[in-house]
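Subject: Structure for you to look at

Hi,

Here is the structure I promised to pass on. Have it open while you read, and my notes follow just below.

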Amino acid sequence: MEALNVHDYEVLARECLDENAWEYFRGGAGDESTMRENIAAFARWKLLPRTLLDVTSIDTSTTVLGTPVSSPILLAPVAMQKLAHPEGEAATARAAARAETIMVLSTSATMRPGEVAQAAPGAPRWFQVYVFRDRGITHSLIDEACAHGYSALVLTVDVPILGRREGALRAGFHLPEGLEVAGDIFEGLDPSVSWRDLEWLAGHGLPIVLKGVLTPGDASVGVEHGAAAIVVSNHGGRQLDGVPASIDALPRVVEAVDGRAEILLDSGVRRGVDVLRAVALGAQAVMIGRPVAYALAVGGEDGVVRVLQLLHDEVELGLRLLGCASIMEVGREHVEWSR
Ligand SMILES: Cc1cc2nc3c(=O)[nH]c(=O)nc-3n(C[C@H](O)[C@H](O)[C@H](O)COP(=O)(O)O)c2cc1C
(Lines give C-alpha, C1' and ligand atoms only; values in the text may rest on other atoms or scores of the structure.)
Protein backbone atom coordinates (compact mmCIF):
# COMPACT_ATOMS: atom_id res chain seq x y z
CA MET A 1 0.00 0.00 0.00
CA GLU A 2 1.29 3.44 -0.87
CA ALA A 3 0.72 5.76 2.08
CA LEU A 4 -1.37 8.74 1.03
CA ASN A 5 -1.88 10.25 4.46
CA VAL A 6 -0.95 9.99 8.13
CA HIS A 7 -3.65 7.37 8.80
CA ASP A 8 -2.05 5.07 6.20
CA TYR A 9 1.28 5.39 8.03
CA GLU A 10 -0.43 4.23 11.22
CA VAL A 11 -1.76 1.12 9.47
CA LEU A 12 1.64 0.37 7.94
CA ALA A 13 3.47 0.99 11.23
CA ARG A 14 1.37 -1.60 12.98
CA GLU A 15 2.65 -4.15 10.45
CA CYS A 16 6.33 -3.23 10.99
CA LEU A 17 6.38 -3.02 14.79
CA ASP A 18 6.22 -5.80 17.35
CA GLU A 19 3.53 -5.64 20.05
CA ASN A 20 5.93 -4.08 22.57
CA ALA A 21 6.87 -1.12 20.35
CA TRP A 22 3.42 -0.74 18.78
CA GLU A 23 1.66 -0.44 22.14
CA TYR A 24 4.32 1.95 23.40
CA PHE A 25 3.83 4.34 20.48
CA ARG A 26 0.08 3.91 19.98
CA GLY A 27 -1.32 3.85 23.49
CA GLY A 28 -3.00 6.39 25.71
CA ALA A 29 -3.85 6.60 29.40
CA GLY A 30 -6.79 4.92 31.14
CA ASP A 31 -9.80 4.36 28.89
CA GLU A 32 -8.08 6.42 26.18
CA SER A 33 -11.09 8.75 26.11
CA THR A 34 -8.91 11.86 25.80
CA MET A 35 -6.84 10.19 23.10
CA ARG A 36 -10.00 9.56 21.03
CA GLU A 37 -11.38 12.99 21.85
CA ASN A 38 -8.24 14.63 20.43
CA ILE A 39 -9.22 13.35 17.00
CA ALA A 40 -13.00 13.78 17.33
CA ALA A 41 -12.77 17.36 18.59
CA PHE A 42 -10.94 18.63 15.49
CA ALA A 43 -13.89 17.53 13.33
CA ARG A 44 -16.28 19.70 15.35
CA TRP A 45 -14.38 22.86 14.39
CA LYS A 46 -15.78 23.68 10.95
CA LEU A 47 -13.76 25.64 8.43
CA LEU A 48 -15.38 28.65 6.76
CA PRO A 49 -13.87 29.29 3.33
CA ARG A 50 -13.92 32.60 1.48
CA THR A 51 -14.19 32.47 -2.29
CA LEU A 52 -13.06 34.28 -5.43
CA LEU A 53 -9.74 35.27 -3.92
CA ASP A 54 -6.46 34.91 -5.83
CA VAL A 55 -4.79 31.76 -4.57
CA THR A 56 -2.32 31.28 -7.43
CA SER A 57 0.68 31.22 -5.16
CA ILE A 58 0.61 30.01 -1.58
CA ASP A 59 3.01 30.62 1.29
CA THR A 60 2.87 28.08 4.12
CA SER A 61 6.02 29.37 5.84
CA THR A 62 6.09 31.05 9.21
CA THR A 63 8.44 31.56 12.16
CA VAL A 64 8.45 29.98 15.59
CA LEU A 65 10.30 31.89 18.31
CA GLY A 66 12.08 33.70 15.50
CA THR A 67 13.15 30.56 13.62
CA PRO A 68 11.82 30.26 10.05
CA VAL A 69 9.99 27.01 9.26
CA SER A 70 8.64 25.85 5.90
CA SER A 71 5.19 25.20 7.37
CA PRO A 72 3.72 25.48 10.85
CA ILE A 73 4.42 21.83 11.73
CA LEU A 74 7.13 20.91 14.24
CA LEU A 75 8.26 17.50 15.45
CA ALA A 76 7.11 16.87 19.02
CA PRO A 77 9.43 15.18 21.49
CA VAL A 78 8.87 11.44 21.22
CA ALA A 79 10.95 9.21 23.46
CA MET A 80 12.84 6.06 22.46
CA GLN A 81 12.84 6.43 18.70
CA LYS A 82 15.26 3.51 18.19
CA LEU A 83 12.28 1.33 19.14
CA ALA A 84 10.76 2.47 15.84
CA HIS A 85 13.89 2.40 13.65
CA PRO A 86 17.57 1.52 14.20
CA GLU A 87 18.67 5.05 13.23
CA GLY A 88 16.24 6.51 15.77
CA GLU A 89 16.48 10.20 16.60
CA ALA A 90 19.31 10.76 14.08
CA ALA A 91 16.97 9.85 11.22
CA THR A 92 14.30 12.18 12.58
CA ALA A 93 16.81 15.00 12.94
CA ARG A 94 17.94 14.63 9.32
CA ALA A 95 14.29 14.51 8.18
CA ALA A 96 13.43 17.68 10.10
CA ALA A 97 16.43 19.45 8.55
CA ARG A 98 15.39 18.35 5.04
CA ALA A 99 11.82 19.55 5.67
CA GLU A 100 13.12 22.84 7.11
CA THR A 101 11.42 22.55 10.44
CA ILE A 102 12.28 22.19 14.11
CA MET A 103 12.76 18.87 15.89
CA VAL A 104 12.23 18.73 19.63
CA LEU A 105 14.49 16.07 21.13
CA SER A 106 13.11 14.14 24.09
CA THR A 107 15.01 13.82 27.35
CA SER A 108 14.23 10.11 27.07
CA ALA A 109 15.77 9.73 23.64
CA THR A 110 17.79 6.68 22.69
CA MET A 111 20.62 9.02 21.61
CA ARG A 112 22.43 11.83 23.42
CA PRO A 113 21.74 15.47 22.46
CA GLY A 114 25.27 15.78 21.04
CA GLU A 115 24.93 12.73 18.78
CA VAL A 116 21.61 13.97 17.41
CA ALA A 117 23.11 17.40 16.72
CA GLN A 118 25.93 15.78 14.76
CA ALA A 119 23.40 13.91 12.58
CA ALA A 120 22.11 17.19 11.14
CA PRO A 121 24.55 19.98 11.96
CA GLY A 122 23.22 23.49 11.80
CA ALA A 123 19.53 22.52 11.79
CA PRO A 124 17.28 24.21 14.35
CA ARG A 125 16.50 22.03 17.36
CA TRP A 126 14.93 22.35 20.79
CA PHE A 127 15.57 20.16 23.82
CA GLN A 128 12.72 18.78 25.93
CA VAL A 129 13.35 18.65 29.66
CA TYR A 130 12.12 16.21 32.27
CA VAL A 131 13.42 16.96 35.74
CA PHE A 132 14.84 14.00 37.64
CA ARG A 133 15.25 13.74 41.40
CA ASP A 134 18.92 13.35 40.62
CA ARG A 135 19.34 16.84 39.19
CA GLY A 136 22.79 15.84 37.93
CA ILE A 137 21.17 13.83 35.09
CA THR A 138 19.01 16.80 34.09
CA HIS A 139 21.92 19.25 34.32
CA SER A 140 24.23 17.16 32.18
CA LEU A 141 21.59 16.72 29.43
CA ILE A 142 20.74 20.44 29.39
CA ASP A 143 24.43 21.41 29.36
CA GLU A 144 25.05 19.05 26.45
CA ALA A 145 22.06 20.46 24.55
CA CYS A 146 23.21 24.05 25.17
CA ALA A 147 26.73 23.20 24.04
CA HIS A 148 25.39 21.73 20.79
CA GLY A 149 23.28 24.67 19.69
CA TYR A 150 19.77 23.66 20.79
CA SER A 151 17.91 26.95 20.79
CA ALA A 152 15.07 26.48 23.32
CA LEU A 153 14.32 24.36 26.39
CA VAL A 154 10.88 22.74 26.40
CA LEU A 155 9.81 21.92 29.95
CA THR A 156 7.11 19.26 29.92
CA VAL A 157 4.76 20.20 32.74
CA ASP A 158 2.14 17.46 32.52
CA VAL A 159 4.33 14.61 33.77
CA PRO A 160 4.91 14.91 37.53
CA ILE A 161 4.52 11.15 37.25
CA LEU A 162 3.95 8.93 34.23
CA GLY A 163 0.34 8.24 33.16
CA ARG A 164 -0.88 4.64 33.28
CA ARG A 165 -0.98 3.22 29.78
CA GLU A 166 -2.62 -0.15 30.01
CA GLY A 167 -1.89 -1.24 26.45
CA ALA A 168 1.85 -1.05 27.10
CA LEU A 169 1.43 -2.70 30.50
CA ARG A 170 -0.45 -5.60 28.93
CA ALA A 171 2.21 -5.97 26.26
CA GLY A 172 4.79 -6.16 29.08
CA PHE A 173 6.59 -3.05 27.89
CA HIS A 174 10.38 -3.26 28.06
CA LEU A 175 13.31 -1.50 26.49
CA PRO A 176 14.84 -4.02 24.08
CA GLU A 177 18.36 -5.19 24.87
CA GLY A 178 21.06 -2.95 23.49
CA LEU A 179 19.03 0.26 23.70
CA GLU A 180 19.81 2.93 26.24
CA VAL A 181 17.87 6.05 27.13
CA ALA A 182 19.57 9.33 27.93
CA GLY A 183 17.15 10.10 30.80
CA ASP A 184 14.96 7.24 32.04
CA ILE A 185 11.38 8.40 32.66
CA PHE A 186 10.45 5.11 34.28
CA GLU A 187 12.74 5.96 37.16
CA GLY A 188 13.44 9.02 39.22
CA LEU A 189 11.15 11.79 37.88
CA ASP A 190 10.93 14.57 40.44
CA PRO A 191 7.24 15.14 41.33
CA SER A 192 8.11 18.23 43.40
CA VAL A 193 8.99 20.38 40.38
CA SER A 194 7.13 23.68 40.64
CA TRP A 195 6.96 27.19 39.20
CA ARG A 196 10.03 28.14 41.25
CA ASP A 197 12.14 25.81 39.06
CA LEU A 198 11.44 27.94 35.98
CA GLU A 199 13.94 30.50 37.22
CA TRP A 200 16.63 27.83 37.43
CA LEU A 201 15.77 26.62 33.94
CA ALA A 202 15.78 30.14 32.51
CA GLY A 203 19.27 30.54 33.98
CA HIS A 204 20.62 28.52 31.04
CA GLY A 205 19.95 31.52 28.84
CA LEU A 206 17.61 29.86 26.33
CA PRO A 207 13.93 30.67 25.77
CA ILE A 208 11.62 28.47 27.85
CA VAL A 209 8.68 26.66 26.27
CA LEU A 210 6.08 25.13 28.61
CA LYS A 211 4.56 21.98 27.13
CA GLY A 212 1.39 20.45 28.50
CA VAL A 213 -0.73 23.45 29.50
CA LEU A 214 -4.53 23.14 29.23
CA THR A 215 -5.91 25.97 31.35
CA PRO A 216 -5.86 29.76 30.97
CA GLY A 217 -4.66 30.07 34.57
CA ASP A 218 -1.52 27.98 34.02
CA ALA A 219 -0.85 29.74 30.73
CA SER A 220 -0.97 33.14 32.46
CA VAL A 221 1.24 32.08 35.36
CA GLY A 222 3.66 30.56 32.84
CA VAL A 223 3.91 33.81 30.92
CA GLU A 224 4.39 35.74 34.17
CA HIS A 225 7.30 33.39 34.96
CA GLY A 226 8.90 34.27 31.64
CA ALA A 227 7.79 31.47 29.27
CA ALA A 228 8.42 32.48 25.66
CA ALA A 229 5.93 29.92 24.35
CA ILE A 230 3.18 27.66 25.64
CA VAL A 231 2.32 24.31 24.09
CA VAL A 232 -1.37 23.52 24.58
CA SER A 233 -1.13 19.74 24.86
CA ASN A 234 -2.54 16.76 26.71
CA HIS A 235 0.48 14.65 25.77
CA GLY A 236 -1.48 12.86 23.07
CA GLY A 237 -3.89 11.53 25.72
CA ARG A 238 -1.07 9.68 27.51
CA GLN A 239 -1.25 11.46 30.88
CA LEU A 240 -4.53 12.36 32.68
CA ASP A 241 -7.39 10.62 30.91
CA GLY A 242 -10.54 12.75 30.88
CA VAL A 243 -8.97 16.12 30.12
CA PRO A 244 -10.27 18.07 27.11
CA ALA A 245 -8.90 17.81 23.60
CA SER A 246 -6.09 20.31 23.07
CA ILE A 247 -7.96 22.03 20.24
CA ASP A 248 -10.92 22.68 22.59
CA ALA A 249 -8.62 24.05 25.30
CA LEU A 250 -6.81 26.34 22.84
CA PRO A 251 -9.21 29.33 22.54
CA ARG A 252 -9.24 30.12 26.25
CA VAL A 253 -5.46 29.83 26.49
CA VAL A 254 -5.06 32.17 23.52
CA GLU A 255 -7.35 34.67 25.21
CA ALA A 256 -5.48 34.49 28.53
CA VAL A 257 -2.02 34.81 26.95
CA ASP A 258 -3.20 37.72 24.85
CA GLY A 259 -0.12 37.91 22.64
CA ARG A 260 2.41 37.83 25.50
CA ALA A 261 3.91 34.51 24.30
CA GLU A 262 3.67 32.29 21.24
CA ILE A 263 1.22 29.43 21.43
CA LEU A 264 1.74 25.99 19.94
CA LEU A 265 -0.60 23.02 20.01
CA ASP A 266 -0.24 19.27 19.81
CA SER A 267 -2.33 16.12 20.34
CA GLY A 268 -4.37 14.61 17.55
CA VAL A 269 -3.05 16.57 14.57
CA ARG A 270 -3.40 14.16 11.66
CA ARG A 271 -4.39 16.35 8.70
CA GLY A 272 -3.47 19.64 7.10
CA VAL A 273 -6.94 20.92 7.95
CA ASP A 274 -6.19 20.26 11.64
CA VAL A 275 -3.17 22.55 11.30
CA LEU A 276 -5.42 25.22 9.75
CA ARG A 277 -7.96 24.87 12.56
CA ALA A 278 -5.25 25.33 15.19
CA VAL A 279 -3.78 28.35 13.42
CA ALA A 280 -7.27 29.84 12.96
CA LEU A 281 -7.80 29.56 16.72
CA GLY A 282 -4.55 31.36 17.49
CA ALA A 283 -1.72 28.79 17.43
CA GLN A 284 1.51 29.85 15.78
CA ALA A 285 2.23 26.24 14.82
CA VAL A 286 1.46 22.64 15.77
CA MET A 287 3.60 19.68 16.71
CA ILE A 288 3.06 16.07 15.67
CA GLY A 289 3.98 13.08 17.84
CA ARG A 290 2.72 9.65 16.78
CA PRO A 291 2.74 10.48 13.05
CA VAL A 292 6.53 10.90 13.34
CA ALA A 293 6.97 7.60 15.18
CA TYR A 294 4.82 5.76 12.62
CA ALA A 295 6.62 7.29 9.64
CA LEU A 296 9.99 6.49 11.22
CA ALA A 297 8.97 2.88 11.74
CA VAL A 298 7.74 2.52 8.15
CA GLY A 299 10.41 4.40 6.24
CA GLY A 300 13.13 5.81 8.50
CA GLU A 301 14.37 9.28 7.56
CA ASP A 302 12.60 9.23 4.17
CA GLY A 303 9.36 8.16 5.85
CA VAL A 304 9.45 11.17 8.18
CA VAL A 305 10.26 13.50 5.27
CA ARG A 306 7.31 12.05 3.36
CA VAL A 307 4.84 12.48 6.24
CA LEU A 308 5.95 16.09 6.63
CA GLN A 309 5.59 16.61 2.88
CA LEU A 310 2.09 15.07 2.86
CA LEU A 311 1.00 17.36 5.69
CA HIS A 312 2.66 20.35 4.04
CA ASP A 313 0.78 19.61 0.80
CA GLU A 314 -2.48 19.24 2.72
CA VAL A 315 -1.90 22.62 4.39
CA GLU A 316 -1.20 24.19 1.00
CA LEU A 317 -4.32 22.67 -0.56
CA GLY A 318 -6.38 23.69 2.47
CA LEU A 319 -5.14 27.27 2.26
CA ARG A 320 -6.13 27.48 -1.42
CA LEU A 321 -9.60 26.10 -0.72
CA LEU A 322 -9.98 28.35 2.32
CA GLY A 323 -9.20 31.40 0.19
CA CYS A 324 -5.92 32.28 1.90
CA ALA A 325 -2.70 32.96 0.00
CA SER A 326 -0.60 32.59 3.13
CA ILE A 327 -0.80 30.90 6.52
CA MET A 328 -0.59 34.37 8.08
CA GLU A 329 -4.03 35.19 6.65
CA VAL A 330 -5.76 32.38 8.54
CA GLY A 331 -7.75 33.80 11.43
CA ARG A 332 -10.63 33.35 13.83
CA GLU A 333 -13.15 34.14 11.07
CA HIS A 334 -12.14 30.93 9.27
CA VAL A 335 -13.47 28.55 11.90
CA GLU A 336 -16.59 27.97 13.99
CA TRP A 337 -17.60 25.31 16.47
CA SER A 338 -20.60 23.12 15.76
CA ARG A 339 -21.57 19.55 16.48
C1 LIG B 1 5.50 7.29 22.05
C2 LIG B 1 5.44 8.68 22.59
C3 LIG B 1 6.49 9.15 23.37
C4 LIG B 1 6.46 10.46 23.85
N5 LIG B 1 7.53 10.93 24.56
C6 LIG B 1 7.50 12.20 25.02
C7 LIG B 1 8.62 12.72 25.73
O8 LIG B 1 9.62 12.06 25.91
N9 LIG B 1 8.52 13.99 26.18
C10 LIG B 1 7.41 14.78 25.98
O11 LIG B 1 7.37 15.91 26.42
N12 LIG B 1 6.36 14.30 25.30
C13 LIG B 1 6.38 13.04 24.81
N14 LIG B 1 5.31 12.57 24.12
C15 LIG B 1 4.17 13.46 23.83
C16 LIG B 1 4.39 14.17 22.51
O17 LIG B 1 5.42 15.12 22.60
C18 LIG B 1 3.13 14.92 22.04
O19 LIG B 1 2.65 15.73 23.08
C20 LIG B 1 2.01 13.96 21.61
O21 LIG B 1 2.53 12.82 20.98
C22 LIG B 1 1.07 14.69 20.67
O23 LIG B 1 0.00 13.90 20.31
P24 LIG B 1 -0.08 13.04 18.95
O25 LIG B 1 0.75 11.82 19.20
O26 LIG B 1 -1.54 12.74 18.87
O27 LIG B 1 0.45 13.88 17.82
C28 LIG B 1 5.34 11.27 23.59
C29 LIG B 1 4.30 10.80 22.82
C30 LIG B 1 4.33 9.52 22.30
C31 LIG B 1 3.20 9.03 21.45
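Ring pairs link Tyr24, Phe25, Phe173 and Phe186 into a cluster. Rings of Phe, Tyr and Trp (its six-membered ring) pair if their centres lie within 6.5 Å; planes under 30 degrees apart count as stacked, over 60 as edge-to-face and the rest as tilted. By this rule there are five aromatic pairs. One of them is Tyr24 with Phe25, an edge-to-face pair with 5.3 Å from centre to centre and 65 degrees between the planes. Tyr24 and Phe25 are both buried. Buried means under 20% relative accessible area, exposed means over 50%, and partly exposed is in between (1.4 Å probe, protein chains only). Phe173 and Phe186 make a tilted pair, because their centres are 5.6 Å apart and their planes stand at 35 degrees. Phe186 is partly exposed, at 45% relative accessible area.

Before you go further, this is a predicted model: local features need pLDDT of at least 70, side-chain atom pairs count only at pLDDT 80 or more, and totals for chains, interfaces and linings use all residues. Residues are numbered from 1 along each chain as its sequence is written, and side-chain values use heavy atoms, with hydrogens and water left out.

Tyr24 turns up again with a charge: the charged end of Arg238 sits over the Tyr24 ring, 5.1 Å from its centre. Arg125 does the like with Tyr150, where the distance to the ring centre is 5.5 Å. To count, NZ of Lys or CZ of Arg must be within 6 Å of the ring centre and within 35 degrees of the ring normal.

Next, the strands. Helices (H or I, at least four residues) and strands (E, at least two) are DSSP runs, numbered from the N terminus. Two strands pair if DSSP finds at least two bridges between them. E8 pairs with strand E7 (residues 153–156) in the parallel sense over four bridges, and four bridges also join E8 to E9, again running parallel. Look at Leu210 in E8: Leu155 stands opposite it, and its bridge partner in E9 is Ile230.

Now for helix H10 (residues 246–257). Its 12 residues reach 16 Å from first C-alpha to last, close to the 16 Å expected (1.5 Å times one less than the number of residues). Which residues of H10 are buried? They are Ser246, Ile247, Ala249, Leu250, Val253 and Val257. They cover an arc of only 135 degrees around the axis, which puts them on the same side of H10; the arc is that of the directions from the helix axis to the C-beta atoms. An α-helix has 3.6 residues a turn, so residues three or four places apart point the same way. The buried residues of H10 pack against several elements, including helix H3 (33–44), strand E10 (262–266) and helix H11 (272–280), where contact means heavy atoms within 4.5 Å. On the other side of H10, Arg252 and Glu255 are exposed.

Last, two backbone angles. Most residues other than glycine have a negative phi. Asp258, which follows H10, has a positive phi near 50 degrees and is exposed at 63%. Ser267 also has a positive phi, about 100 degrees, without being a glycine. Ser267 lies in the loop between E10 and H11 and is buried, at 6%.

Cheers
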